[in-house]
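Subject: Structure handover and findings

Hello,

Here is the structure for your work, followed by notes on what was found in it. Please read the notes with the model open.

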Amino acid sequence: MKLPFNKRYVCIGITSFLVIAASICFYYLVFHGDRFSAQVNTFFKIVSPVMYGIIFAYLMTPLVNGIENRFLIPVLKRGNQPVSGKQKKYIRTLSILLTICIVGMLIYGFFSILIPNLIKSVKSISYQFPYYEQNLINWSAKFLEDNPDIEKIFYNFLDTYYEEFMGYLNDSIVPQLETLLKHVSLSLISALKVLWNFIIGVIISIYVLFSKEVFAGQAKKITFALFGAPTANQFIKDARFISDTFIGFISGKIIDSIIIGFICFAGTSILKIPYALLVSVIVGVTNIIPFFGPYLGAIPSAILILMVNPLRCVYFIIFILFLQQVDGNVIGPKILGQSTGLSGFWVIFSITVFGGIWGIPGMIIGVPFFAVLYAMIRRRTNKLLQKRGLPTETQKYQEVDYIAENDVFIPKCTEEQTTFFKLKIPSFVKKDNKKKEEK
């Protein structure tokens, strides 16, 4: 006997199953979050080489495309004939090899210049640390001697917190030295694992770059299979927007940080600031973090310079403030442009939130991530407003108090101003009202 097939009951059954499964997952996530996070961390450790490979391929894609489209294809193309399949494979292989060579040479050249100078600076600091310490003590003593009020406050502060600090040092820091050594040894092992995953990631990135069009085509194929054409087209458009936002921001920020590092090295060398190269590297690397990065790099650099020459430290702080103003108002906007479209408040908000969740990587990718989220919320909001026949410009809502049931904008006004109500209605509201009256 053949049972009748009812599609409605099948949909109800699938929906019920998904609701029950989602409820179980939510319960497990709330009451057993530690186990869930441990499993997630284990999963990410397993797939980390693949993630590294995808990230490396994503970052190297603009360089591969530039080498192919601007150099190899114009050189190898014969007249007006299209490029054959074999030629495309040769061009792709050659472009990947050239990209890896260029990136490898840049990294090798950077570290070959940087590491010897850093080692020299660190050795100099370690050898001359007693002199710097004594120099700082003498300068502090002279400063306190010239300012008796500050000296009195300083010594009262020392008397208050010295015993507390020594108790904390003896009770907490010293017993944990053994644990600290264990953490250091585990960190070295973790660093070796990261290096190994990095090597595997580079190999995987080569395969991803070689077949990136195939992967993109497969992703589009799955998208059109799961969704209708309008939804799939919008999804692909959003994916391109996300990619452009991330690659534009990250690549622009890297270029901006390199320029700032070179300018900082030139400026510190002219001002004869100690350890100019080391300080410039710190400032350039931390400049990748938006907004807070320059200050994060300037603070340890200023402390290092203060130990050598307090007056040069003042010069350095003034120079860094000037450099960051130039970067924020001239260099940064020229390179990054309007890649994020976020105001200063939302930049600080995204850095604070994602930095608290993911640490330093969150501070770096938080801005483009929030920019994408902000753009999608704005687009959805504008669509809903357009369906109701309301304007989408934010400025038109700044003088509106509430909207009546017939979608008429009521501007802000006091009881005394109600007699002049018609004069305060924005022009676009009058036009909307006329259209509704005509209908």
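Phe 369 has a relative accessibility of 37% and therefore counts as partly exposed. Please keep in mind that this is a predicted model.

Aromatic pairs

Searching the whole structure gives nine aromatic pairs. One of them joins Trp 346 and Tyr 374, with 6.1 Å from centre to centre and 50 degrees between the planes, a tilted arrangement. This pair links distant parts of the chain, since Trp 346 sits in helix 11 (residues 344-358) and Tyr 374 in helix 12 (residues 360-387), 28 residues apart. Trp 346 is partly exposed because its relative accessibility is 28%. Tyr 374 also has a relative accessible area of 28% and is partly exposed.

The rings of Phe 354 and Phe 369 also pair: their centres are 5.2 Å apart and their planes stand at 75 degrees, so this pair is edge-to-face. Here too the pair links distant parts of the chain, with Phe 354 in helix 11 and Phe 369 in helix 12, 15 residues apart. How is Phe 354 classed, buried or exposed? Its relative accessible area is 10%, so Phe 354 is buried, whereas Phe 369 is partly exposed at 37%.

Ring pairs also build a cluster from Trp 346, Phe 349, Phe 370 and Tyr 374.

Salt bridges

There are five salt bridges in the structure. Arg 92 and Glu 68 make one of them through their side chains, at 2.3 Å from N to O. Arg 92 belongs to helix 3 (residues 85-146) and Glu 68 to helix 2 (residues 33-76), so the bridge ties together parts that are 24 residues apart in sequence. Both Arg 92 and Glu 68 are buried.

Arg 92 has a salt bridge with Glu 213 as well, at 2.7 Å from N to O. Glu 213 is in helix 6 (residues 212-226) and Arg 92 in helix 3, so this bridge ties together parts that are 121 residues apart in sequence. What accessibility do the two partners have? Glu 213 is partly exposed because its relative accessibility is 43%. Arg 92 is at 8% and therefore counts as buried.

A further salt bridge joins Asp 256 and Lys 253, where the closest N and O atoms are 3.8 Å apart. Both residues lie in helix 7, three residues apart, which is about one turn of the helix. Asp 256 and Lys 253 are both buried. Through shared partners, salt bridges join Glu 68, Arg 92, Lys 212 and Glu 213 into one network.

Surface patches

A nonpolar patch on the surface is formed by Leu 192, Leu 195, Trp 196, Phe 198, Ile 199, Ile 203, Ile 206 and Tyr 207, which together have about 860 Å² of accessible area. Ile 199 is placed in helix 5 and is partly exposed because its relative accessibility is 40%. Tyr 207 lies in helix 5 (residues 177-210). With a relative accessible area of 62%, Tyr 207 is exposed. The C-alpha atom of Tyr 207 is 8.8 Å from that of Ala 57, although the two residues are 150 residues apart along the chain.

A patch of positive charge on the surface gathers Lys 237, Arg 380, Lys 383 and Lys 387. Which helix gives the most to the positive patch? Helix 12 does, with three residues. Arg 380 lies in helix 12 and is partly exposed because its relative accessible area is 48%.

Lys 272 is not a glycine, yet has a positive phi of about 60 degrees. Lys 272 is located in the loop between helix 7 (229-270) and helix 8 (276-286). Its relative accessible area is 63%, so Lys 272 is exposed.

Tyr 275, likewise not a glycine, has a positive phi of about 55 degrees. Tyr 275 also lies in the loop between helix 7 and helix 8. Is Tyr 275 buried or exposed? Tyr 275 has a relative accessible area of 13% and is therefore buried.

Regards

Definitions and conventions. Residues numbered from 1 in each chain as written. Predicted model: local features only at pLDDT ≥ 70, side-chain atom pairs only at ≥ 80, totals over all residues. Heavy atoms only, no water. Phe/Tyr/Trp six-rings, centres within 6.5 Å; stacked < 30°, edge-to-face > 60°. Helix = DSSP H or I, 4+ residues; strand = E, 2+ residues; numbered from the N terminus. Buried < 20%, exposed > 50% of the residue type's maximum accessible area, 1.4 Å probe, protein only. Patch = residues over 30% accessible without salt bridge, like charges linked within 9 Å, V, L, I, M, F, W, Y side chains within 5 Å. Areas by Shrake-Rupley, 256 points an atom, 1.4 Å probe, with all protein chains shown as cover. Salt bridge = Lys/Arg side-chain N within 4 Å of Asp/Glu carboxyl O. Lys, Arg positive; Asp, Glu negative; His and termini not counted. Charge placed at Lys NZ, Arg CZ, Asp CG, Glu CD.
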